[in-house]
Every structure is written in C-alpha cells, then in structure tokens.
Amino acid sequence: MAKLTWDETGARLYETGVRMGVLYPQAADGNYPKGIAWNGLTAVNENPSGAEANKQYADDINYLNLYSAEEFGCTIEAFTYPEEFAECDGSAEVAEGVYIGQQDRKAFGFCYRTVVGNDVQNDAYGYKIHLVYGAKASPSSKGYQTINNSPEAINFSWEVTTTPVNVEGHKPVATLTIDSTKVDSAKLKALEEKLYGGASTEAQLPLPDEIIAMFAGSTTNPSTGD
C-alpha cells in the first residue's frame, strides 16, 4: 500500500480562463444545428442549486435524508454578443437594424473552454470544454455611462437557467464537460470539429448521448500518452 504524497511535480493542477464561447440557438425539434462564435466573453459563473437535504425523522432519530433535485444555472458576462443572441434575450428584429424587446425568449445551447494548467507545462497542459443545454436567459440590467477620462466598456451580463435533456442510463442533464487531459485525442478532435465546424461542416452542438457514444471506450490520455 503506497504512502500518500502531496504536491508532486506535474500534479499541481489549476484551472483558469474562459474563451472560445459558442452560441447554439435551439431548433424546434430540440437539436442545436448551428453554432455562432461568441466574441468578447469575459466570465461564466456556474451557479448550481438544489440538492438540499430534507431530513426525515422517525423513532426519535434522523431516519434519513431526502435530497431535492439539483438544477444548473449560470451567469454569462461579455463585452458583446452574437446578433443571433437577440432572440434569446427577448428581442425581435422587425426591420433591418430595428429591434423590439419583451418578446418570447428562445432556448439555446452554449459552449466555452477553460484552461487546465500544472506546475510543469503551465497553461499548455490541457483544457476543458464545457457544454450547456436547454438554456434560457433572464432579463438583465444594462448600465450605460458617459465617456470620461477612464472609460470602460459595458460588460453585459445574463442570468441563465436550464432545462435538462435526457441521457440514456442517467438522470437528465444540463451540463457536460470534456477534459482534454483524459480523453482520446482523435475523438476529441472529432468532437471539436462538430462543435466549432470544419472546412465543409456547420458548427453544431451534439446531444449528450451522441457525445457519450463518441468517447465510449476511451483509454488514451493525451497528456501522458498512456
């Protein structure tokens, strides 16, 4: 039995950054057939809720704990947003360049990437791809200020709630994460071509069952070559 050790070389991991945002407006059939690059992404704050214990008492003891359903929400912050996001934010274009608000909000999928670093390769160690399904943006405030001697760009912010999608053999999910340091590099490349598009393919967001099938049986670790 090996003795536990801490902070070995190469094992001092950290996660940082947020980039490569992609918006996937949801189609009427529930799929996400077209991705649009989301420039100016500044933050994604994940805010899960639920999974709270509801204590049940019997025989004068805490007999068991029942847990409420877990839900996923997040806050997206950005300097700008894709034109296609307007309908997800409750706007409708009634004429070229003319928008009205307070309309029905379209559901969307969302993708972003974070860096996984370590003490040897720093930020080049790997990354995680985060996928969000069944998202809807709530109305948010926008603060416009006069330009002064220390101007700042407006940082837009949206509170996002989700409706989970079905996954075979598991509870419905609203999020899925892929760690580049643990999955097969060829399968990861195939997924990225779907997510970001290719020379002759449109960017799209596959549903969780399709992604799970793509990585089934993955044993190769790109970071170590195992």
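Buried residues have under 20% relative accessible area, exposed residues have over 50%, and partly exposed residues lie in between (1.4 Å probe, protein chains only). The structure is a predicted model, in which local features need pLDDT of at least 70 and side-chain atom pairs count only at pLDDT 80 or more, while totals for chains, interfaces and linings use all residues. Residues are numbered from 1 along each chain as its sequence is written, and side-chain values use heavy atoms, with hydrogens and water left out.

**View 1. Tyr32 and Tyr133 form an aromatic pair.** Rings of Phe, Tyr and Trp (its six-membered ring) pair if their centres lie within 6.5 Å; planes under 30 degrees apart count as stacked, over 60 as edge-to-face and the rest as tilted. The count by this rule is 11 aromatic pairs. In the edge-to-face pair of Tyr32 and Tyr133, the centres are 5.9 Å apart and the planes are at 65°. Tyr32 belongs to the loop between β1 (14-25) and β2 (36-38) and Tyr133 to strand β12, so the pair ties together parts that are 101 residues apart in sequence. Strands (E, at least two residues) are DSSP runs, numbered from the N terminus. Tyr32 is buried at 1% relative accessibility, and Tyr133 is buried at 0%.

**View 2. Phe85 and Trp158 form an edge-to-face pair.** Their ring centres are 5.0 Å apart and their planes stand at 75°. Because Phe85 lies in the loop between β8 and β9 (92-95) and Trp158 in strand β13, the pair ties together parts that are 73 residues apart in sequence. Phe85 is buried, at 0% relative accessible area, as is Trp158, at 1%. Both residues belong to one aromatic cluster, whose members include Trp38, Tyr81 and Phe108.

**View 3. Trp158 is among the residues with the most contacts inside the largest nonpolar core.** A nonpolar core is a set of buried Ala, Val, Leu, Ile, Met, Phe, Trp, Tyr and Cys residues joined through side-chain atoms within 4.5 Å. A second, separate core of 19 residues includes Tyr127 and Leu188. Contact means heavy atoms within 4.5 Å; not counting residues up to four places away in sequence, Trp158 touches Cys74, Ile76 and Asp89, among others.

**View 4. Strand β12 pairs with β11, β13 and β16.** Two strands pair if DSSP finds at least two bridges between them. β12 (residues 122-137) is antiparallel to β11 (residues 108-118) over nine bridges, and these two strands form a hairpin with three residues between them. β12 also pairs in the antiparallel sense with β16 (residues 175-179) over five bridges and with β13 (residues 156-162) over three bridges. Lys128 in β12 is the bridge partner of Thr114, and in β16 the bridge partner of Lys128 is Asp179. Lys136 stands opposite Thr161 in β13.

View 5. Cys74 is buried, with a relative accessible area of 2%, and Cys88 is buried at 0%.

Notes: Helix = DSSP H or I, 4+ residues; strand = E, 2+ residues; numbered from the N terminus.
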